[in-house]
Amino acid sequence: MLEILSSPLFGISLSIVAFRIGIWVNRKLKTPLANPLIIAMLLVVGTLAVFDIPVEAYEEGSSFILMFLSPVTAVLALTIYRQRKTLMSNFFPVLLGTLAGSLAALATIRGSCYLLGLDRTILASLLSKSVTTPVAIALTEQFGGIPALTIASTIITGLAGNLLAPVLPKLFHIKDPVAHGVGIGSCSHALGTSKALEIGEIEGAMSSISISLSAIWTVLLAPLFF
Amino acid sequence: MKYLTQLAIIFGLCLVGDLISSLLPFAFPGSVVSMLLILLLLSTNLMKEQSLGESADFMLCNMTFFFIPPGVSIIRYMDIINSIWWQLLVVNIVSVITCFAAASWTVVLVSRAQKALQRRRHA
């Protein structure tokens with residue numbers, strides 16, 4: 001039994017089936033809170049727990065999916081290219097929007113770590129968590145934080161962005177798709193961007209370019225908040 | 001064969017991105033370097049959209065799917081998260097909301113200011 005489970009095909013199939021169910025539930029319930037990604041994730045974790053399957057067996061297959069994350073991020077260039085006119089006519093709003101987003105994220109993390117009484121090592125691990133994982137880990141190492149905590153926080157942040165992306169514009173009365181996209185990309189990197197692509201072409205493109213811009217701003221500004 | 005060629009081009013450009021990233025004097029991810037590199041190649045007409053074609057669109061259409069494994073991997077970090085899980089959730093969710101609000105409202109305000117400036121110039 002375990003031999004079949006440790007085939008890479010197991011992890012891949014389980015992920016696809018879980019994702020299909022996630023999309024199906026989302027369509028049935030018609031609410032953004034029934035997020036397909038979070039449902040799929042819980043289904044995978046639940047299946048592993050119920051049948052007492054080790055995570056390592058799942059990772060045999062999931063590592064193949066993981067390998068695609070870098071190419072998927074790279075081809076986001078295509079969505080930006082297709083919306084290059086929108087980007088050029090909104091160059092300064094996008095540039096300054098990602099700057100404001102990065103500053104707000106850094107200030108909030110610093111402030112809330114202080115209010116919640118979290119120590120400096122935790123602050124060092126969380127400060128960079130709004131940006132794409134490789135940059136976040138590099139900054140954590142520079143500040144002397146715990147990389148594993150950064151990875152977990154980057155994923156939690158991305159999931160929160162993915163979940164809240166359809167709801168936040170209503171809360172803050174944002175009607176402009178450019179503003180919506182920049183907001184998603186700044187606060188929740190590629191994970192939120194995958195939701196922005198589902199919302200619209202302009203949202204997806206602006207969210208994509210914001211991944212790289214907010215990463216640059218955060219690298220430059222994070223030391224000021226530590 | 002067409003799809004394989006497209007995949008080879010995408011993977012090849014990712015490898016170039018990783019190479020450039022490893023040569024940079026500061027930490028910047030290869031995937032983002034590749035994204036900017038592809039954008040540069042497309043804008044300068046050195047590469048056509050069709051070179052990435054259906055394979056790229058397949059990845060983009062199903063992008064969310066590729067985040068299931070990192071999502072599941074959170075359970076690996078449970079022993080670190082356990083003691084501070086609610087604080088972690090508060091910091092992460094609050095900063096997502098403030099960051100979104102600051103970024104999107106800045107875009108709205110700056111583009112309004114830009115339009116006002118243009119109108120004044122034309123008047």
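Helix α11 (residues 147–164) of chain A and α6(B) cross at roughly 50°, and their axes come within 9 Å; the two are therefore oblique to each other. Some terms first: angles under 35 degrees count as roughly parallel, over 145 as roughly antiparallel, 65 to 115 as roughly perpendicular and the rest as oblique. Axes are lines fitted to C-alpha atoms, for helices over the stretch in contact, with angles running from 0 to 180 degrees between N-to-C directions. Helices are DSSP runs (H or I, at least four residues), numbered from the N terminus. This is a predicted model, in which local features need pLDDT of at least 70, side-chain atom pairs count only at pLDDT 80 or more, and totals for chains, interfaces and linings use all residues. Residues are numbered from 1 along each chain as its sequence is written, and chains are lettered from A in the order in which they are written.

Who meets whom at this crossing? On the α11(A) side, Ser153(A), Ile156(A), Thr157(A), Ala160(A), Gly161(A) and Leu164(A) meet Leu88(B), Leu89(B), Asn92(B), Ile93(B) and Val96(B) of α6(B). Contact here means C-beta atoms, placed from the backbone, within 7 Å. By class, there are 7 nonpolar, 4 polar and no charged residues in it; Ala, Val, Leu, Ile, Met, Phe, Trp, Tyr, Cys and Pro count as nonpolar, Asp, Glu, Lys and Arg as charged, and the others, Gly among them, as polar.

Zooming out to the chains, the contact takes 86 residues from chain A and 66 residues from chain B. On the chain B side, α6(B) provides the largest share, 25 residues. That side splits into 49 nonpolar, 15 polar and 2 charged residues.

Then there is the core. The largest nonpolar core has 97 residues, and Val44(A), Ala74(A), Val75(A), Ala77(A) and Ile68(B) have the most contacts inside it. Such a core is a set of buried Ala, Val, Leu, Ile, Met, Phe, Trp, Tyr and Cys residues joined through C-beta atoms within 7 Å. A residue is buried if 20 or more other C-beta atoms lie within 10 Å of its own, exposed if 12 or fewer, and partly exposed in between. Helix α6 (residues 85–122) of chain B contributes the largest share of this core, 10 residues. Leaving aside neighbours within four places in sequence, Val75(A) touches Ile10(B), Ile38(B), Leu52(B), Ala56(B), Met59(B) and Leu60(B).

Ser7(A) sits in the loop between α1 (2–5) and α2 (8–29) of chain A. With 13 C-beta neighbours inside 10 Å, Ser7(A) counts as partly exposed.

Note on methods. Contact = placed C-beta atoms within 7 Å.
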